[in-house]
Amino acid sequence: MNRKIILVLHPTRNEAHLLANEVVSLLADNGFEILTSTAVDLPKAIKFSENELLNERKNVELVLVLGGDGTILRGAEIAHGTDIPVLGINLGHVGFLAQIEKPSISNLVNAITGKSYITEKRMTLAYKVERNEKVITNGWALNEVAVERNTEAMIELFVQVDHRPLSRWGCDGVICATPTGSTAYAFSAGGPVVWPDVDALVLLPLAAHALFSDPMVVSPESEIAIDVESDIGVLSADGLRKFQLLEGDRVILTSEKSFIFLAHIDNAPFTDRLVAKFKLPVDGWRGE
């Protein structure tokens, strides 16, 4: 029986399309079936709709993603709920979810063929929205869930942790991030960098009109509740899933019991990834 992988591509990046054609051809020659939902013409790949692709996950050994972090999040959508690793080859900008360096095509194909990649288990975040004490939607995120304004006015949010009141903020929003998401939206909003193997959640308000609006690190066993006290707002999970919120809605956030397994060909520790991605001055800035 042929080995199977799922291929996820950036929809418009030409570099990803050229790389995909070469990789698909070589993997097919090595006995792989490559499943994809991309509209890009890949003669040796098998095309499915996105829903069909989810039904084809049985016996798939890897999700290969060619693109930036946004494309890798789409790959994580496919792997969610399984133990299939996601190998991201960064063709974007910062790309924290991917390799430090883009491997050569031969190294990439050899790593997939020999299963010589390393996997890291990443925490995910679960959310649900209650309206009139009934759950009206739920979902998950790898990076973060944000509750934000979607008008020019501030949004009024009342935040509680473990059923105890924390603070009421007039703000642009509140982010709850996983360690993986600590280098994404939460980082750009002034949150701390959390190493991926630390079990914690980051909670931080956005542009809060308050005396206390610092980022907080919360136990992954905690339950975070955010009550919407403005007319409207929006929930955004990884920027992929959005839900319109109304006054009186309650958003409940907890760590999820499932994980995403990110794969890397290199064995670089997170510290090296941090230095490489942010080009940190490890030699200092004062000169010799």
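**Notebook: strands, a pocket and some buried loop residues**

I started with E9 (155-161) and E10 (164-171), which pair in the antiparallel sense over seven bridges. A reminder to myself before going on: this is a predicted model.

**Entry 1: around E9**

I looked up a few partners along this pair. Valine 159 has serine 167 of E10 as its bridge partner, and isoleucine 155 stands opposite cysteine 171 in E10. The hairpin of E9 and E10 has two residues between the strands, and there I found aspartate 162 with a positive phi near 55 degrees.

What else does E9 pair with in the antiparallel sense? I found strand E14 (224-228), with five bridges to E9. Phenylalanine 158 has its bridge partner in E14, namely aspartate 227.

Then I checked how much of E9 is covered. Six of its seven residues are buried, so E9 is largely enclosed by the rest of the structure.

**Entry 2: the open sheet**

Next I traced a sheet of six strands. It is open, its order runs E13-E12-E11-E8-E15-E16, and the pairing is antiparallel. Which strands stand at the edges? They are E13 (216-218) and E16 (241-246); each has a single partner strand, so one side of each is left without a neighbour in the sheet.

E11 (173-177) and E12 (201-206) pair in the antiparallel sense over five bridges. Glycine 173 has leucine 206 in E12 as its bridge partner.

**Entry 3: nonpolar cores**

I wanted to know which residues touch the most other members of the largest nonpolar core. This core has 28 residues, and the answer is Leu203, Ile224 and Ile226. I followed up on isoleucine 224: not counting residues up to four places away in sequence, it touches Val159, Gln160, Val161, Cys176, Leu201, Leu203, Val218, Val251, Ile252 and Leu253. Another core lies apart from this one and has 25 residues, including Ile5, Leu7, Leu27 and Leu108.

**Entry 4: the largest pocket and H3**

I turned to the largest pocket, which holds about 410 Å³ of space. It is lined by 26 residues, and the closest to its centre are Asp69, Gly95, Phe96, Thr183 and Ala184. Which elements give two or more residues to the lining? I wrote down helix H3 (69-79), helix H5 (185-188) and helix H6 (270-278).

After H3 comes glycine 81, which has a positive phi near 90 degrees.

**Entry 5: buried residues in loops**

I began with leucine 97, in the loop between E5 and H4. Is leucine 97 buried or exposed? Its relative accessible area is 2%; the cut-off for buried is under 20%, so leucine 97 is buried. Leucine 73 is 24 residues from leucine 97 in sequence, and their C-alpha atoms are 8.6 Å apart in space. Leaving aside neighbours within four places in sequence, leucine 97 is in contact with Asp69, Ile72, Leu73, Arg122, Leu142, Thr180, Leu262 and His264.

Glutamine 99 lies in the loop between strand E5 (86-90) and helix H4 (105-114). It is buried, with a relative accessible area of 3%. From glutamine 99 to leucine 87 I noted twelve residues in sequence and 8.3 Å in space, C-alpha to C-alpha. Beyond its neighbours within four places, the contacts of glutamine 99 are Leu87, Gly88, Ile89, Asn90, His264, Ile265, Asp266, Arg273 and Lys277.

Asparagine 143 counts as buried because its relative accessibility is 7%. With neighbours within four places in sequence left aside, asparagine 143 is in contact with Leu73, Cys176, Ala177, Thr178, Thr180, Gly181, Ala184 and Asp238.

Conventions
Residues are numbered from 1 along each chain as its sequence is written. This is a predicted model: local features need pLDDT of at least 70, side-chain atom pairs count only at pLDDT 80 or more; totals for chains, interfaces and linings use all residues. Side-chain values use heavy atoms; hydrogens and water are left out. Helices (H or I, at least four residues) and strands (E, at least two) are DSSP runs, numbered from the N terminus. Buried means under 20% relative accessible area, exposed over 50%, partly exposed in between (1.4 Å probe, protein chains only). Contact means heavy atoms within 4.5 Å. Two strands pair if DSSP finds at least two bridges between them. A nonpolar core is a set of buried Ala, Val, Leu, Ile, Met, Phe, Trp, Tyr and Cys residues joined through side-chain atoms within 4.5 Å. On a 1 Å grid over the protein atoms alone, a cavity is a set of points where a 1.4 Å probe fits but cannot get out, and a pocket is an open set with protein on both sides within 12 Å along at least five of seven lines; lining residues have an atom within 4 Å of a point. Grid points are joined across faces, edges and corners, and a volume is the space filled by probe spheres set on the points.
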